[in-house]
Amino acid sequence: MSETFTTTKQVEANAKTRMDKVLSDLAHSMTTVRTGRANASMLDNVRVDYYGTPTPVNQVGNISVPEAGLLTITPWDTSVIAAIEKAIRSAELGLNPGNDGKMIRIPIPQLNEERRKELAKKLHGMAEDHRVALRNVRRDANDQVKKLMKDKAISEDDEKRSLDEIQKMIDSYIKKLDEAAKAKEKDIMEIR
C-alpha cells in the first residue's frame with residue numbers, strides 16, 4: 001500500500017476501514033452459500049450468456065421468492081429463458097430449473113447430510129480466507145506504525161500503544177468473523 005500516514009490515528013482508522021470491508025465481503029460471500037431455504041442471492045454468481053455477454057442473472061429478469069422452497073425468475077426478454085436455465089444448471093448449485101415459457105421455477109431441494117458437510121467445508125475455507133485478509137491488514141498497519149517510529153514521527157510509547165490498539169482491533173474483527181461463520185454453519189446444518 002502506497003499511502004503515507006503521519007499519525008498512528010490515521011493508520012488505525014485506515015486499518016479499521018479495511019477490516020470493515022473484509023467483514024462486508026465475507027457477509028456477501030456467505031449469501032451465495034445455499035442453506036436449504038430459497039434466497040435470491042443464491043444466484044448472485046450465476047452469469048447468463050446474454051447476446052454474447054456474461055450478464056448477472058438479476059440483470060436479465062426479476063428474481064422472487066414466493067415460498068421458502070422456491071425461487072422464480074421472470075425474464076424481461078423471454079428469448080433468454082433457455083440461456084438462464086443453462087447458466088443455473090452449469091453453476092453447480094445443485095438446482096434444477098424448469099420453465100413454462102414465461103417464468104423459470106427453481107425448486108430448492110432439501111440438503112442431504114453429505115451436501116451440508118460440503119457446504120460447511122466451503123464456508124470454513126471462505127472464513128479462513130477472510131481471516132488471512134484481516135491478518136494482512138494488521139501486518140500492513142503494524143508496518144506503517146513501525147515506519148512512523150523509524151522516521152521518528154512518533155515516540156516508542158505511541159508505537160506500543162498503537163500496536164496494542166491494532167491487535168485489539170484484529171481480535172475484535174476475528175471474533176465477529178467467527179460468529180458470523182458459526183451462525184451461517186448452524187443455518188446450513190439445520191434440517192428443516
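1. Let's start with the pair E3 and E4. Strand E4 covers residues 70-75, and five bridges join E3 to E4, the two running antiparallel. Strands here are DSSP runs labelled E with at least two residues, helices are runs labelled H or I with at least four, and both are numbered from the N terminus. Two strands count as paired if DSSP finds at least two bridges between them. E3 and E4 make a hairpin with two residues between them, and Glu 67 stands opposite Leu 70 in E4.

2. A word on what you are looking at: this is a predicted model, in which local features need pLDDT of at least 70 and side-chain atom pairs count only at pLDDT 80 or more, while totals for chains, interfaces and linings use all residues. Residues are numbered from 1 along each chain as its sequence is written, and side-chain values use heavy atoms, with hydrogens and water left out.

3. Now place the hairpin in its sheet. The sheet is open, with four strands in the order E3-E4-E6-E5 and antiparallel pairing. E3 and strand E5 (98-99) are at the edges with a single partner strand each, so one side of each has no neighbour in the sheet. At the E5 end, two bridges pair E5 with strand E6 (residues 104-107) in the antiparallel sense, and Asn 99 stands opposite Ile 104 in E6.

4. Leaving aside neighbours within four places in sequence, Ile 63 is in contact (heavy atoms within 4.5 Å) with residues including Ala 40, Leu 43, Val 57 and Ile 73.

5. Next, the nonpolar cores: sets of buried Ala, Val, Leu, Ile, Met, Phe, Trp, Tyr and Cys residues joined through side-chain atoms within 4.5 Å. The largest has 28 residues, and Val 11, Ala 15 and Leu 134 are among those with the most contacts inside it. Helix H1 (8-31), H3 and H4 each supply at least two residues of this core, with the largest share, nine residues, coming from H3. Ile 63 turns up again in a second, separate core of 20 residues, which also includes Met 42, Val 48 and Leu 93.

6. How many salt bridges does a search of the whole structure find? The count is 13, where a salt bridge is a side-chain nitrogen of Lys or Arg within 4 Å of a carboxyl oxygen of Asp or Glu. One of them joins Arg 131 and Asp 178, with the closest N and O atoms 2.8 Å apart. Arg 131 lies in helix H3 (residues 113-150) and Asp 178 in helix H4 (residues 156-189), so this pair ties together parts 47 residues apart in sequence. Arg 131 is buried at 16% relative accessibility, whereas Asp 178, at 28%, is partly exposed.

7. Finally, compare a salt bridge within a helix. Asp 164 and Lys 160 meet through their side chains at 3.2 Å, N to O. They are four residues apart in helix H4, which means that about one helical turn separates them. Asp 164 is partly exposed at 36%, and Lys 160 is exposed at 52%.

Methods. Buried means under 20% relative accessible area, exposed over 50%, partly exposed in between (1.4 Å probe, protein chains only).
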